[in-house]
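Trainee: I am new to this structure. Please take me through some of the labels used for it.

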Amino acid sequence: MRCYKGRRRGWRPPVDCCCHLCSPPVCAPSKMTIQEQICKWVWIGWNYLLLYLLGAWYMLKELCQSHRAPSGITNQKGRVAVVTGGSRGIGLETVRQFLQLEMTVVIAGIMFWPWMVTEDGHEHHWAVNYLGHFLLSHLLAPHLVKSTSKDSPSRIVSLSSSVHYIGAINFSDIKNEKHYNPHKAYAQSKLAQLMFTITLNERMTKQGVLALAVHPGVVATELFQHVLWAKTFPKIASTFLKTPSQGSDTVVHVALSHELKEGGQYYENCCPTRPAAAALKSDDRNRLWDLTCHQLGIQEFGKA
């Protein structure tokens with residue numbers, strides 16, 4: 001028996017493949033009727049329209065709204081921070097602003113990538129933007145509980161996005177295999193991240209750990225490498241979008257400010273903001289939590 005891991009979309013594994021990653025196939029080819037093709041392209045067009053209308057609204061909003069700097073931050077000597085994605089963009093600027101802290105900040109992410117799957121068979125946005133953060137939080141949870149205190153609680157800060165407002169969790173096709181749309185996949189991953197943050201806070205707040213989520217703003221980083229207009233007109237992007245330093249301000253505020261007393265909140269421009277209604281549905285959040293634990297092989301969150 002042989003294992004065939006180097007698969008691509010539309011590829012069927014040979015019958016002698018022994019690997020659970022190859023069976024069932026990632027996306028078995030299927031013929032669509034004309035009506036199905038029309039529905040597919042209408043749906044893709046609708047997602048594009050929603051996304052760019054939301055992006056335009058946030059760009060206008062941020063141009064008209066004064067940028068708020070972090071506040072309520074005191075000396076953090078003796079504390080520890082774990083920052084993912086700290087080598088560039090918002091992550092790098094966050095690291096530059098930190099002294100020494102006691103929280104986890106999960107920042108790494110991708111946006112609008114073409115169809116890709118990980119070695120474990122997960123769609124790339126889902127794996128990088130969501131599953132990786134969930135797993136890291138699971139592994140660090142015992143250490144965060146041990147190091148927390150009443151005056152200085154440990155914090156888990158996730159970088160979500162305003163795109164979560166148009167996201168939806170497709171439980172029947174969580175990997176977006178049927179009709180892949182990078183915009184839809186990205187929005188789903190960011191909504192999942194926010195739902196995870198709210199549920200995590202409910203489960204860990206009694207242990208002294210706060211979980212919060214942040215929208216950093218529409219920031220000119222390499223995250224826009226697959227956005228056509230930003231690649232075509234880079235000067236426009238650098239002129240009208242926030243800088244990575246500005247994008248890191250809300251992250252730093254949520255991670256450090258003593259003004260924050262409650263977790264489970266979503267922040268924009270250093271202010272708590274009501275998230276999408278979809279993120280607040282407890283039944284869907286618990287269903288997502290159970291599904292994620294199953295995907296990652298976690299028997300009990302925070303326990304090895």
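**Salt bridges and burial**

Mentor: Across the whole structure, a search finds two salt bridges. This is a predicted model, in which local features need pLDDT of at least 70 and side-chain atom pairs count only at pLDDT 80 or more, while totals for chains, interfaces and linings use all residues. Residues are numbered from 1 along each chain as its sequence is written, and side-chain values use heavy atoms, with hydrogens and water left out.

Trainee: What makes Glu202 and Arg285 a salt bridge?

Mentor: The term requires a side-chain nitrogen of Lys or Arg within 4 Å of a carboxyl oxygen of Asp or Glu. The closest N and O atoms of Glu202 and Arg285 are 3.1 Å apart, so the pair qualifies. Glu202 lies in helix 4 (residues 182-204) and Arg285 in helix 8 (residues 282-296), 83 residues apart, so distant parts of the chain are linked; helices here are DSSP runs (H or I, at least four residues), numbered from the N terminus.

Trainee: Why is Arg285 called buried?

Mentor: Buried means under 20% relative accessible area, exposed over 50%, and partly exposed in between (1.4 Å probe, protein chains only). Arg285 has 6% relative accessibility, so the residue counts as buried.

Trainee: Why is Glu202 called partly exposed?

Mentor: Glu202 has 48% relative accessibility and therefore falls in the partly exposed range.

How values were computed: Helix = DSSP H or I, 4+ residues; strand = E, 2+ residues; numbered from the N terminus.
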